[in-house]
Each structure stands twice: as C-alpha cells, then as structure tokens.
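Biologist: I am new to this structure. Please walk me through it, feature by feature.

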Amino acid sequence: MSKAQGPLAFEDFYAGVFGDRWPALRRALNQRERQVLRPAFSADASGGEVPWLPGALWFTPERAEMTLTRNPAGLLTYYVMDPTSVLAARALDARPGERVLDLCAAPGGKTLVLLETGARVVANEPSRARRDRLTQVIRQYATPEARTRVEVKGRDGERYGMAEPGAFDAVLVDAPCSGERHLLSHEDELAEWSEARSRRLAARQYALLASALLCLKPGGRLVYSTCALSPLENDAVVERLLSKKKDKVRVESDSTPPSPWAERTEHGWIHLPDRGGCGPLYFARLRRAPEGAAS
C-alpha cells in the first residue's frame with residue numbers, strides 16, 4: 001500500500017485501477033453529472049425522457065423552474081437526483097407494509113424513493129445538520145400519508161444492528177465514501193487523499209454493512225451502495241462481508257442490467273460517468289440467510 005498523498009497519488013492510484021480508460025473517466029468526473037427530475041408521489045411526469053426510469057425527466061437548465069413546482073397540497077413535486085441513485089434504492093425491492101431501514105439516509109432522495117413503495121421507513125442519519133436537511137426534504141416532498149410511515153433517527157449506523165437486531169425486512173446502506181467527483185472539485189480535500197484514506201473508509205463501510213446485516217430478519221434483503229470509484233470501497237467491502245459472515249449472507253445475482261450504462265462487477269453493478277454521464281454509483285444486492293441455514 002502506497003503512503004503517498006495528494007493529487008499525484010490520486011492520479012497514480014486511479015490510473016492503476018482503470019488503465020487507458022482513466023483519462024476519459026477523469027474528464028467525465030470534471031463535467032456536470034446528468035441528473036433527473038423525479039416526480040414525488042402524485043406529480044405528473046408524463047412524457048418522461050428516461051425510458052429505463054419511467055416518469056423521470058432529464059434535468060436541464062430550462063427545466064430548473066420545475067424544482068419549485070408545488071401540488072395543490074403545497075408540496076414540492078420534483079426532486080433532483082442522480083438517476084443511478086434511484087436505481088440503487090429500487091434495487092432494495094421494498095414492498096408495502098414492510099419495515100425498511102435507510103441506514104445513511106441524508107440528504108433524503110433515496111428515502112423518498114423507498115416511501116413511494118408503501119413501505120414503513122426508518123431514515124437514519126447521525127449528523128445533526130444532515131438529519132435536519134433530511135427532515136426538511138421529507139416535510140417538503142412527502143405526502144401526509146407517507147409521513148405517517150417514516151421515522152427519522154440519529155443513531156450511529158455502525159452500532160444500529162445491536163440496537164434493533166432482526167427488526168427489518170430490508171436495509172439500504174448508501175455508505176459515506178471517497179466521492180471522487182466531489183474531491184476533484186475541492187483542491188483542499190484532494191490534497192489530503194491517500195490510498196490509506198480509502199482503506200479507512202472501507203473499514204467504516206464494512207462496519208456499516210455488518211451492522212445492517214444484523215438488523216435484518218432471516219431472509220431479509222440488503223443493498224450496499226457508494227458513489228466511489230475505488231474498488232477498495234465497493235466489491236472489496238462486499239467480499240469482506242461474504243468472507244467474514246460466510247453462510248449468514250449471500251449475493252443476489254441479477255443478469256439484467258439496471259440501465260443501458262450499467263457495468264457488471266464481481267458482486268454488483270457500477271455506473272461510470274464516461275458512459276452516460278451519470279454516477280459514479282456502485283451497488284450490490286445481498287440477502288441474509290433464512291432461519292435454519294448453517295452459520
């Protein structure tokens with residue numbers, strides 16, 4: 001493991017990961033990401049332009065005013081987010097009446113997607129400032145009925161499993177990560193980048209994932225996602241969980257790409273911005289072993 005730090009170390013690491021693809025991928029990271037306007041609950045988004053995300057409209061400057069549109073109840077009707085984030089939340093396959101945990105919920109877009117399914121959602125965010133933003137998003141976009149099905153909490157995600165073991169049908173872990181797109185636009189943070197930092201994040205991500213697994217009922221579903229490029233924070237975290245927990249968890253394979261630009265990884269899917277302009281966004285679908293399985 002290199003101990004080097006800063007922009008040159010960053011370039012060397014990702015060039016090593018992506019090879020000849022890295023220059024184009026880096027250019028794409030410096031461009032504005034493609035986002036969509038997601039209809040919140042009863043909004044009418046007929047004529048959407050994203051065939052693999054029905055009802056969503058590609059966000060353009062000309063459509064910026066739509067973010068201020070309110071329905072008769074006074075709720076904002078369109079939420080701007082990366083379309084691949086919608087796919088990650090939908091991959092959880094949340095169902096009406098299920099108890100679902102969004103373990104790292106802020107800023108709230110994925111929580112809205114989960115609420116749209118009719119599930120009962122616990123939206124967890126330990127940061128007070130980010131939790132306030134999450135609460136505001138729910139208040140601005142979710143219908144009164146949907147707000148009766150959501151509970152906002154501020155627990156430490158790494159310890160959540162000890163507080164509510166076996167309490168959820170499904171858990172989404174959208175983990176804090178390197179966020180390379182963000183890093184490239186913040187020179188002070190890029191100056192602090194190192195492979196060791198990515199490994200430290202991976203250790204925290206594993207702790208969140210292991211906690212999420214403990215939260216699940218036997219047979220429960222788990223989606224792990226990041227906006228990281230670093231494989232240390234994606235497949236490697238899932239691989240560690242599979243190795244450590246062995247018969248307690250398995251990967252849910254899916255041969256159908258979630259979008260035209262999704263690329264298969266060992267354990268999941270990744271969207272990279274040099275193909276389609278969205279992301280980066282990685283996610284893997286897992287399932288806790290049913291009762292009676294060997295441990």
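## Reading the model

Modeller: We begin with the largest pocket. Its lining counts 42 residues, and Ala 106, Pro 107, Lys 110, Asp 174 and Cys 227 lie nearest its centre. Keep in mind that this is a predicted model.

Biologist: How is a pocket found, and what volume does the largest pocket have?

Modeller: The general idea first. Rolling a probe the size of a water molecule over the atoms shows where empty space is left. Now the case here. The volume of the largest pocket is about 980 Å³.

Biologist: Which elements each supply at least two residues of the lining of the largest pocket?

Modeller: They are strand S3 (78-81), helix H4 (109-115), S7, H8 and H10. H8 gives the most to this lining, with 4 residues. By kind, the lining residues divide into 18 nonpolar, 10 polar and 14 charged.

Biologist: Pro 107 was on your list. What kind of peptide bond joins Ala 106 and Pro 107?

Modeller: The angle to read is omega. For Ala 106 and Pro 107 omega is about 5 degrees, and the bond is cis. Pro 107 sits in the loop between S4 and H4. There is also a cis bond from Gly 279 to Pro 280, with omega near 10 degrees. Pro 280 is in the loop between S11 and S12.

Biologist: Take Val 173. What is Val 173 in contact with, leaving aside its neighbours within four places in sequence?

Modeller: Its contacts are Leu 103, Leu 208, Leu 209, Ala 212, Leu 222, Val 223, Tyr 224 and Ser 225.

Biologist: On to strands. Why is S12 largely enclosed by the rest of the structure?

Modeller: Count its buried residues. In S12, 6 of the 8 residues are buried, so the strand is largely enclosed by the rest of the structure.

Biologist: Which strands pair with S12?

Modeller: Look for bridges between strands. S8 and S12 run antiparallel, joined by 6 bridges. Here Thr 226 stands opposite Tyr 282 in S12. Strand S9 (residues 249-251) is also antiparallel to S12, with 3 bridges. Val 251 has Leu 286 of S12 as its bridge partner. Strand S11 (residues 269-271) pairs with S12 over 3 bridges, again in the antiparallel sense. In that pairing Ile 270 stands opposite Tyr 282.

Biologist: In what order do the strands of the open sheet of 3 strands stand?

Modeller: The order is S2-S1-S3, with antiparallel pairing. Strand S2 (57-58) and S3 are the edge strands, and each pairs on one side only. Strand S1 (residues 36-39) pairs with S3 over 4 bridges. Leu 37 is opposite Val 80 in S3.

Biologist: Next, charged side chains. Is Arg 131 buried or exposed?

Modeller: Buried means under 20% relative accessible area. Arg 131 has 18%, so it counts as buried. It belongs to helix H5 (residues 128-141). Beyond its neighbours within four places in sequence, Arg 131 is in contact with Glu 125, Pro 126, Val 152, Lys 153 and Gly 154. Arg 131 and Gly 154 are 23 residues apart in sequence, yet 7.2 Å apart in space, C-alpha to C-alpha.

Biologist: And Glu 98: buried or exposed?

Modeller: Glu 98 is buried, at 12%. It lies in the loop between helix H3 (83-90) and strand S4 (99-102). Not counting residues up to four places away in sequence, Glu 98 touches Asp 93, Ala 119, Arg 120, Asp 169 and Arg 221.

Terms used:
Residues are numbered from 1 along each chain as its sequence is written. This is a predicted model: local features need pLDDT of at least 70, side-chain atom pairs count only at pLDDT 80 or more; totals for chains, interfaces and linings use all residues. Side-chain values use heavy atoms; hydrogens and water are left out. Contact means heavy atoms within 4.5 Å. Buried means under 20% relative accessible area, exposed over 50%, partly exposed in between (1.4 Å probe, protein chains only). Two strands pair if DSSP finds at least two bridges between them. On a 1 Å grid over the protein atoms alone, a cavity is a set of points where a 1.4 Å probe fits but cannot get out, and a pocket is an open set with protein on both sides within 12 Å along at least five of seven lines; lining residues have an atom within 4 Å of a point. Grid points are joined across faces, edges and corners, and a volume is the space filled by probe spheres set on the points. Ala, Val, Leu, Ile, Met, Phe, Trp, Tyr, Cys and Pro count as nonpolar, Asp, Glu, Lys and Arg as charged, and the others, Gly among them, as polar.
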